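I set out to record what I looked up in this structure, entry by entry. The notes begin with contacts and then turn to the cores and the sheet.

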Amino acid sequence: MSDQAEVNTEAAEDETSRKALLEEEGEVAADYLEELLDIADLDGDIDIDVRHGRAAIEIVSEDSASLEHLVGRGGEVLDALQGLTRLAVQTKTGERSRLMLDVGDFRARRRTELTEAAERVVAQVRETGTEKAMEPMNAFERKVVHDVIAAAGLISGSRGVDPNRYVVVKLTE
């Protein structure tokens with residue numbers, strides 16, 4: 001076997017192994033969340049996936065109003081629940097978890113809103129040439145905005161201290 005073929009084989013095996021670990025992480029998270037739903041007497045199904053190199057867990061229900069308590073105002077409860085779920089996974093597996101949790105498509109809808117807001121800010125900064133600060137956001141939201149800004153070819157940075165940390169957008173350094 002050539003050196004390149006051996007490297008490709010090892011890379012494929014590493015990728016398969018990594019995906020298996022992420023799927024295991026998703027299963028552990030799903031077990032934890034199933035117990036939580038049972039304790040809270042909430043109906044919901046749990047979808048497990050692997051996206052962008054992370055376990056992705058979503059709690060879904062035909063009655064989305066019943067899940068609103070798991071999202072909270074501005075996603076505060078969802079952020080806390082994600083943190084607890086990551087901790088449960090780390091306790092069980094011994095590995096730090098970067099899983100993403102969504103409830104009732106909240107993060108997906110928020111990602112769309114943030115993308116649109118970031119695109120508006122990009123247009124304003126290009127038009128005026130001056131930097132523009134956005135509203136305070138959590139880490140997930142800032143990451144979405146930074147990605148949109150980078151894709152548009154502008155520069156962004158975070159300022160402030162949580163929970164009032166925000167993104168600033170400008171043309172260049």
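I looked up the contacts of Ile59, leaving out residues up to four places away in sequence, and found Leu33, Leu37, Leu70 and Leu101 among them; contact means heavy atoms within 4.5 Å. The model is predicted: local features need pLDDT of at least 70, side-chain atom pairs count only at pLDDT 80 or more, and totals for chains, interfaces and linings use all residues. Residues are numbered from 1 along each chain as its sequence is written, and side-chain values use heavy atoms, without hydrogens and water.

I next consulted the largest nonpolar core, which has 20 residues; Ile59, Leu70 and Leu101 touch the most other members. Such a core is a set of buried Ala, Val, Leu, Ile, Met, Phe, Trp, Tyr and Cys residues joined through side-chain atoms within 4.5 Å. Buried means under 20% relative accessible area, exposed over 50%, and partly exposed in between (1.4 Å probe, protein chains only). Helix H1 (3-40) and strand E2 (54-60) are among the elements that each supply at least two residues; helices (H or I, at least four residues) and strands (E, at least two) are DSSP runs, numbered from the N terminus. H1 gives the largest share, 5 residues.

I noted Asp105 in the loop between E3 and helix H4 (106-128). Asp105 counts as partly exposed because its relative accessibility is 34%.

I then examined the open sheet, whose 3 strands follow the order E4-E6-E5 with antiparallel pairing; two strands pair if DSSP finds at least two bridges between them. Strands E4 (132-136) and E5 (155-159) stand at the edges, each with a single partner strand, so one side of each has no neighbour in the sheet.
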